[in-house]
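I opened this model with a notebook beside me and wrote down each thing as I looked it up. Here are the entries, in the order that made sense to me.

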Amino acid sequence: MRAMEIREAGGDFTLVERETPEVGPGHVRIAVEACGVCHSDAFVKFGAMGKLPRVPGHEVAGVIDAVGEGVTQLAVGDRVGVGWHGGHCFTCESCRRGDFIGCTNGSICGVTYDGGYADYVVARAEAVARIPDELSAVDAGPLLCAGVTTYNSLRNSGARPGDTVAILGIGGLGHLGVQYAQRMGFRTVAISRGADKAALATELGAHDYIDAKANDTAEALQAIGGADVILATAPNGDAISGALGGLKRRGKLMIVAAASEPLTVNGFALLSGKTIHGWPSGSSVDSRHAGRTPCASARSRTCGRRWRPSPSSRPTRRSPR
Ligand SMILES: [Zn+2]
Ligand SMILES: [Zn+2]
């Protein structure tokens, strides 16, 4: 099979020919149809995570073509995908509490084992999410990391329909975050630097747009009543710190993109009950939900093409969970 691998830290992607991997017990083999490109692939390329050589890619969408011993819930021909969550141990404290994405022995597709920049991926069965029939592989791929991360953080943020939710950053995560937030019934505010993202934000469903280059983000948010939740999708410590003042009392800052620089937080700003949270993507069932809920019409930008949000979504024909 063909695979694109990183052989050394900082090295180029190299197209290689490899043996098609055999499927072992508890695993499935996926014939890859599409794989999204995620900023976190840089961790592999620069040797910051996992061993090399490695085939990156953790937004994998395809069809199962082989099933390992002991796998009963999946079959050859099933349309499935794998995201950042690449498997869990079932025995650590997090797993015993049902927090599979927090597994202390967890695997990461494309990081701790070879991922989707190849013709085939062998993945642990518990890491696999079914893809709804109406969702193409190209559209499903990015939902398995960027999509589930924004969707799952928003649905666990405590925000309710009608609340004001601001999406900070309109990039790979943020453009999906805007679409999910709008479809979840939030008053959705998109924030980015410059005026050039305003039209895109409106097209994706944002009710308001704040140009963070021309305005103070916190003041602009307070001018429209403040945000119940700010979802920080841009890995920029200054931008995240600067947005904190835009929360309402008891508002919540949810961080899903890791900024390399530290955040600056004035403790007084938190005394009104504001909180800061991080959120770690989601497990396979979260990915399944990210692709099939009313947000199933969310579309991703792939290879420079921008997909318009579909005005409607259809129910899936197959809903095992
Ligand atoms: Zn990712
Ligand atoms: Zn575990």
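**Entry 1: a bridge pair to start from.** I began at Val165, whose bridge partner in S13 is Val229. Four bridges join S10 to S13, and the two strands run parallel. For the record, I count two strands as paired if DSSP finds at least two bridges between them. My helices (H or I, at least four residues) and strands (E, at least two) are DSSP runs, numbered from the N terminus.

**Entry 2: ground rules.** This is a predicted model, and I kept to its limits: local features need pLDDT of at least 70, side-chain atom pairs count only at pLDDT 80 or more, and totals for chains, interfaces and linings use all residues. Residues are numbered from 1 along each chain as its sequence is written, while chains are lettered from A and ligands numbered from 1 in the order in which they are written.

**Entry 3: what does Val165 touch?** I asked which residues are in contact with Val165 once its neighbours within four places in sequence are left aside. I found Leu154, Ala159, Ala181, Phe186, Thr188, Ala227, Asp228, Val229 and Leu231. Contact here means C-beta atoms, placed from the backbone, within 7 Å.

**Entry 4: strand S10.** Five of the five residues of S10 are buried, so the strand is largely enclosed by the rest of the structure. I use "buried" for 20 or more other C-beta atoms within 10 Å of a residue's own, "exposed" for 12 or fewer, and "partly exposed" in between, with C-beta atoms placed from the backbone. Thr164, Ala166 and Leu168 point one way from S10, and Val165 and Ile167 point the other way. On pairing, S10 and S11 are parallel over five bridges, and Ile167 stands opposite Ala190 in S11.

**Entry 5: the whole sheet.** I traced an open sheet of six strands in the order S12-S11-S10-S13-S14-S15, with parallel pairing. Strand S12 (208–211) and strand S15 (275–278) stand at the edges with a single partner strand each, so one side of each has no neighbour in the sheet. Neighbouring strands are turned by 20° against each other on average, direction ignored. Axes are lines fitted to C-alpha atoms, for helices over the stretch in contact, and angles run from 0 to 180 degrees between N-to-C directions. At the S15 end, strand S14 (residues 247–255) pairs with S15 in the parallel sense over four bridges, and Leu253 stands opposite Ile276 in S15.

**Entry 6: helix H4.** Helix H4 (residues 174–183) packs on the sheet and touches strand S10 (164–168), strand S11 (187–192) and strand S13 (227–232). Its direction makes about 170° with that of S10. Is H4 enclosed or open? I noted that 10 of the 10 residues of H4 are buried, so the helix is largely enclosed by the rest of the structure. The cover over these residues includes H3, S10, S11, helix H5 (198–204) and S13. S10, H4 and S11 make a right-handed β-α-β unit; right-handed means that, with the strands pointing away from the viewer, the path from the first strand over the helix to the second runs clockwise. Just after H4, Gly185 takes a positive phi of about 90°.

**Entry 7: the core.** In the largest nonpolar core, of 78 residues, Val165, Leu168, Ile230, Leu231 and Ala232 touch the most other members. Such a core is a set of buried Ala, Val, Leu, Ile, Met, Phe, Trp, Tyr and Cys residues joined through C-beta atoms within 7 Å. Helix H3 (residues 137–155) gives the largest share, eight residues. The core draws at least three residues from each of domain 1 (2–145 + 282–297) and domain 2 (157–278).

**Entry 8: two domains.** Those domain bounds come from an automatic or database domain assignment. I find 29 Å between the two domain centres, taken over C-alpha atoms.

**Entry 9: helix H9.** Helix H9 (residues 284–292) is mostly covered, with seven of its nine residues buried. The buried residues pack against strand S5 (79–82), strand S6 (85–87), strand S9 (128–130) and H3.

**Entry 10: two spot checks.** Pro142 lies in helix H3 and counts as buried, with 28 C-beta neighbours inside 10 Å. Gly24 sits in the loop between strand S2 (13–17) and strand S3 (27–35), and with 12 C-beta neighbours inside 10 Å it counts as exposed.

Technical notes: Contact = placed C-beta atoms within 7 Å.
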